[in-house]
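Hello,

Here is the structure you asked about, with notes below on one part of it. Please read them with the model open.

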Amino acid sequence: MWDKLMNTNWWEKFVKFVFEGLRMILLWIGDLILRVKAFVHSGEWTKQHISFVKEGNKFKLVIKKHDDFVDEVEIEIAKYKGKRWGKKFIKYILELSLSGCNFVVFECDNVFVQFWTGRGRLEMDIPLVKGNGLKKYYYTVIGLLTDMNYFKYPFTRTGIPTLLQVPEHYTFRVDEEEGFTKVVGFFDKRTDQAVEFVDRLFREVYEVKKGVLEIKVG
């Protein structure tokens, strides 16, 4: 009886219907995944932020403009008014910035350091020009990076080309143009090392004794 049922046109049509339905479902899921990925990618470049927020027993998709996201970050930072110092605070700000900001600036007593964070990585940037008063710190900034075992790309600290492959996040670069010098340090996602650098930069290089860190994000 089973063999007879298998040989009927009805059974063949049913099996084809089931497999065709499954194929269409898989194609739909694949297309949906591609659309979501494309939307997320587009949102990154158009400065939109996508997140899921739990409301009761349900999750809600929330899309925020970048300006709104930055406003929320600034509100969080404002809660630390008068207590903006120390490694714990610096780490909190760096991790907060990595969650979606394009940059973060630490400033105190007219000296500063900035990090580009838009790609989810920490890229330190210190412009050394006469106008901002940081040019005099060139050698001490380089000295601090060297002391933290960072290598000047593409040379070692001795100035001899290295034969070993040094990971980018253990290197720094010096860009020099007429009247303008910039030190760029690559920390990737190593927030602890970035925290150590910022703390030592203000205490040992800039020699800031008092005051709180002013934070700018964007």
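This is a predicted model: local features need pLDDT of at least 70, side-chain atom pairs count only at pLDDT 80 or more; totals for chains, interfaces and linings use all residues.

H6 itself covers residues 191-205, 15 residues in all. From its first C-alpha to its last it reaches 20 Å, close to the 21 Å expected at 1.5 Å a residue.

The buried residues of H6 are Thr191, Ala194, Val195, Phe197, Val198, Asp199, Arg200, Leu201, Phe202 and Val205. Among the elements that cover them are helices H4 (87-98) and H5 (138-147), together with strands E3 (103-108), E4 (111-116), E5 (122-128) and E8 (180-188).

On the core: the largest nonpolar core has 47 residues, and Phe106, Phe115 and Phe197 have the most contacts inside it. H6 supplies the largest share of this core, seven residues. Setting aside neighbours within four places in sequence, Phe197 is in contact with Val113, Met124, Ile126, Leu144, Leu145, Met148 and Phe187. As background, nonpolar side chains in soluble globular proteins tend to be buried together.

On helix packing: H4 and H6 pack at an angle of about 125 degrees, and their axes are 9 Å apart. Because of that angle, H4 counts as oblique to H6. The crossing of H4 past H6 is right-handed. On the H4 side, the contact is made by Lys87, Ile90, Lys91, Leu94, Glu95 and Leu98. On the H6 side, Thr191, Asp192, Ala194, Val195, Glu196, Val198 and Asp199 take part.

Regards

Technical notes
Residues are numbered from 1 along each chain as its sequence is written. Side-chain values use heavy atoms; hydrogens and water are left out. Helices (H or I, at least four residues) and strands (E, at least two) are DSSP runs, numbered from the N terminus. The expected span of a helix is 1.5 Å times one less than its number of residues. Buried means under 20% relative accessible area, exposed over 50%, partly exposed in between (1.4 Å probe, protein chains only). Contact means heavy atoms within 4.5 Å. A nonpolar core is a set of buried Ala, Val, Leu, Ile, Met, Phe, Trp, Tyr and Cys residues joined through side-chain atoms within 4.5 Å. Axes are lines fitted to C-alpha atoms, for helices over the stretch in contact, and angles run from 0 to 180 degrees between N-to-C directions. Angles under 35 degrees count as roughly parallel, over 145 as roughly antiparallel, 65 to 115 as roughly perpendicular and the rest as oblique. A crossing is left-handed if the near helix is turned anticlockwise from the far one by less than a right angle, and right-handed if clockwise.
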